[in-house]
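Trainee: I'm new to this one and would like a close look at a single part. Could you take it slowly with me?

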Amino acid sequence: MQALWMALGALFFAIMGVCIKLASQGYGTLEIVFYRGLTGVVLFSALLWFRGTPLATPVPLLHVRRNLAGITAMSLWFYAIGHLPFATSMTLNTMSSVWLGTLVIVAAWWKTRRIAYPWLFVAVLCGFAGVVLLLNPRMAGNDPLAALLGLISGMMSAVAYLQVSALGRAGEPETRTVFYFSLGTTLVGLVGVLLFSGFSPLEWRTAWLLPATGIFASLGQWCMTRAYTRGSTLVVATLQYLGIVYASLFSLWLFHERLEPAAWLGMVIIVLSGIAATWVRQHQAMRQAAQNAG
């Protein structure tokens, strides 16, 4: 059942990305962030009230850390979606497993000054080789700034997923976790718009995309949170790559974008590297737990 939640969440996030891609032609990134958050606040306020879930949380600092990482990742990702081919931007954001492997390697090296997990190191290197193929060294057809921000969004997503898992272990209800994330998103988007860009006039042909972004983002966030807090990390992290499949189909069907064969190969390498990195991390965690128990 948790696998189904992640597969459904990946589809919702892909549809959300389509809405962002279309909305970015008439609205700024911070505006889209604001409307996305506001829609989530409305939806999950109603859901919290319906379920009788209190707003008070025993772990406010965990929510703050989750919001800092998650809102940063989301804002950078929204920018990348508006300035890169759709499948490319979606792929860069789903590199969280590769980035998690990188964090594990760096932390181990900092303590021991050696590569403690050689197979994980290989998976991470392959993942970044896939990025090179996806973007290609000449950056032909890609915005260099958007590509960099897309990469950073994937790294921050990895940090956010760690915080989501921590909230799940702390017993936080998924609805309250997503509500506070939506609230933080609304406040950050509003402050950013007021300070830097101002609101664009709403047009009836495109205004519907703004709440649609929030609806599909909230549904995807809820499904992802349920999957990560209740399911196997390996299964969930693997199934998140279905988002790349969905994005590729949307990219070809709706936006008529054509990627070079090397870019498609890069996407495949990134997916396989992410799955391998997740498997190695799970295997190492199980070995460590067995050693500690012994």
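Trainee: How many salt bridges does the structure hold?

Mentor: Two of them, where a salt bridge is a side-chain nitrogen of Lys or Arg within 4 Å of a carboxyl oxygen of Asp or Glu. Before we look, keep in mind that this is a predicted model, where local features need pLDDT of at least 70, side-chain atom pairs count only at pLDDT 80 or more, and totals for chains, interfaces and linings use all residues. Residues are numbered from 1 along each chain as its sequence is written, and side-chain values use heavy atoms, with hydrogens and water left out.

Start with K21 and E257, whose closest N and O atoms are 3.8 Å apart. K21 sits in helix α1 (residues 2-23), while E257 is in the loop between α11 (242-253) and α12 (261-293), so the bridge ties together parts 236 residues apart in sequence. Helices here are DSSP runs of H or I with at least four residues, numbered from the N terminus. Both partners are buried, meaning under 20% relative accessible area, with exposed being over 50% and partly exposed in between (1.4 Å probe, protein chains only): K21 has 12% and E257 has 16%.

The other pair is R176 with E172, at 2.6 Å from N to O. R176 and E172 are buried too.

Leaving out residues up to four places away in sequence, S89 touches W77, A80, I81 and L84, a contact being heavy atoms within 4.5 Å.

Now for the outside. W110, in helix α5, counts as exposed at 62% relative accessibility. Together with W109, I115, F121 and L125, W110 makes a nonpolar surface patch of about 530 Å². Patch residues have over 30% relative accessible area and no salt bridge, and nonpolar side chains are joined within 5 Å. Helices α5 (96-112) and α6 each supply at least two residues of that patch.

Helix α6 also has a buried side: L120, A123, V124, G127, G130, V131, L134 and L135 are its buried residues. Seen down the axis of α6, they fall within an arc of 120°, so they line one face; the arc is that of the directions from the helix axis to the C-beta atoms. In general, an α-helix has 3.6 residues a turn, so residues three or four places apart point the same way. Just after α6, N136 takes a positive phi of about 60°.

Definitions and conventions: Patches are made of residues with over 30% relative accessible area and no salt bridge: like charges are joined within 9 Å, nonpolar side chains (Val, Leu, Ile, Met, Phe, Trp, Tyr) within 5 Å. Accessible areas come from the Shrake-Rupley method with a 1.4 Å probe; for residues, only the protein chains shown count as cover.
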